[in-house]
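Have the viewer open as you read.

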Amino acid sequence: MLTVLGSTGSIGINTLQVAEHLGLPVYAITGNTKIAELAAQAVRYRVQEVVIADPAGYAQLRRLVPAHIRVEAGSQALSAVASAPAVTAVMTAIVGAAGLPATLAAVRAAKRVCIANKEPLVMAGGLIMAEARRCGAVIVPVDSEHSAMFQCLEGHHPDEVAELILTSSGGPFRTVMDLSAVTRDQALTHPTWKMGPKITIDSATLMNKSLEIIEARWLFDIEAKRIRVLVHPQSVVHSMVSYRDGSVLAQLGLPDMQVPIQYALTWPKHVPGQVAAPDFARMANLTFEDPDRVRFPSLDIGYHAADVGGVVPAVMNAANELAVAAYLAGHGCFTDIFRVVGDAVEHAPTVVDPTLADIIAADHETRARLNTDQEFRKK
Ligand code: NAD
Ligand code: MG
């Protein structure tokens, strides 16, 4: 049975559709604010339990959900449905650091943990992977690039790998020279993928690639300097693995998250799905180019954070979450995101081999500092 954390979001909705297609029963779903949608999903997918992260929504959710379905609220309830004995697989589709405790709970309960929610891996990937080894959890990536690399790495030894090639669509501003003048609506219009608002902005700033470099660094235990970002505007080659003998393996597919979501649930098997394979004869071209690291300073910030390690990736992530939330709420301009995240990383403390408590403290301190920072509040 499956638990879907963040079922009302873009990945969550797609996951429920894939589960229905596969005939996979859903044990529990969770949401944060969209109460009516969550209640409708609970009925439609015949779940046993539904959790609302924000306790303020409990009473309304309880009224909308039939009496035979359990309703719980709060962060601990998220972890409980991620680790319930009846559950075999967990899809982590919460957005941001908020998903960290439930991700860890699923890992510690030795579930198949299908990870879409990349921010916890960015913050604490070393600890999460170590816990997975210790507890016997299987971690299967859902992020399309990481699903691609995971598939291209299967059956090979890490020593065979020269580098991982992480592809990026380049976002809506790939060819826009002056990023200070772009609008919010432009930033929210992704050229190839349909996603939730936070990751859509991350894709426009290329901060998403920085998060993905660190995500890959932990998932595949490889130094960031051997992860190369390559812009591929068509989003058909989802990523590649370059081997030492000059052979490169790539995974291709249409830009539809149902494909990597389904593979995470059915791994190691590819079973019939609902998305067609690309029709290559009708594809005009597949092109590749280096990213522009001057216009998109987010990439250098990400490589730096990955290199320094410690709590720096958690600080980078927290600053980015706040900057994106402020931008989405109508404050500041697009390039402020680079400035806020760059400043936070520059002033991040040095902590060698941080514990989970160190990482959570760095996350909280970054949020507290930015929330009281006059210049940030003016944004
Ligand atoms: P979304 O905004 O569409 O959905 C987020 C979900 O998380 C919702 O169900 C929401 O209720 C829940 N949520 C939000 N804040 C919460 C909180 N504080 N506590 C508990 N639950 C909360 O986001 P999305 O686009 O589906 O992305 C989800 C995750 O998957 C992100 O980490 C994103 O980076 C990653 N991801 C998304 C895509 C995609 O195509 N959308 C692709 C790759 C990776
Ligand atoms: Mg991705």
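## A well-covered helix

In α11, the buried residues are Gln258, Pro260, Ile261, Gln262, Tyr263, Ala264, Leu265 and Thr266; buried means under 20% relative accessible area, with exposed being over 50% and partly exposed in between (1.4 Å probe, protein chains only). That's eight of the nine residues of α11, so the helix is largely enclosed by the rest of the structure. The cover over those buried residues includes β1, β5, β6 and β7, plus α1 (10-22) and α7 (144-153).

Some housekeeping: this is a predicted model, where local features need pLDDT of at least 70 and side-chain atom pairs count only at pLDDT 80 or more, while totals for chains, interfaces and linings use all residues. Residues are numbered from 1 along each chain as its sequence is written, chains are lettered from A and ligands numbered from 1 in the order in which they are written, and side-chain values use heavy atoms, with hydrogens and water left out. Helices (H or I, at least four residues) and strands (E, at least two) are DSSP runs, numbered from the N terminus.

## The parallel sheet

Seven strands make an open, parallel-paired sheet, in the order β4-β3-β2-β1-β5-β6-β7; two strands pair if DSSP finds at least two bridges between them. The edges are β4 (70-73) and β7 (138-141), each with a single partner strand, so one side of each is left without a neighbour in the sheet. On average, neighbouring strands here are turned by 15° against each other, direction ignored. Axes are lines fitted to C-alpha atoms, for helices over the stretch in contact, and angles run from 0 to 180 degrees between N-to-C directions.

Zooming in, β2 (residues 26-31) and β3 (residues 49-52) run parallel and are joined by four bridges. Glycine 31 has isoleucine 52 in β3 as its bridge partner.

## Helices on the sheet

Helix α5 (residues 100-108) lies across β1 (2-5), β5 (89-92), β6 (112-115) and β7, at about 150° to β6. Helix α11 (residues 258-266) also packs on the sheet, touching β1, β5, β6 and β7, and its direction makes about 170° with that of β6. Contact here means heavy atoms within 4.5 Å.

## The antiparallel strands

How many residues of β10 (residues 237-243) are buried? Seven of its seven. Strand β10 pairs in the antiparallel sense with β8 (residues 161-168) over four bridges, with valine 161 opposite tyrosine 243.

β10 also pairs with β11 (residues 248-252), again antiparallel, over five bridges. There, serine 242 has valine 248 as its bridge partner. The β10 and β11 hairpin has four residues between the strands, and glycine 246 takes a positive phi near 90°.
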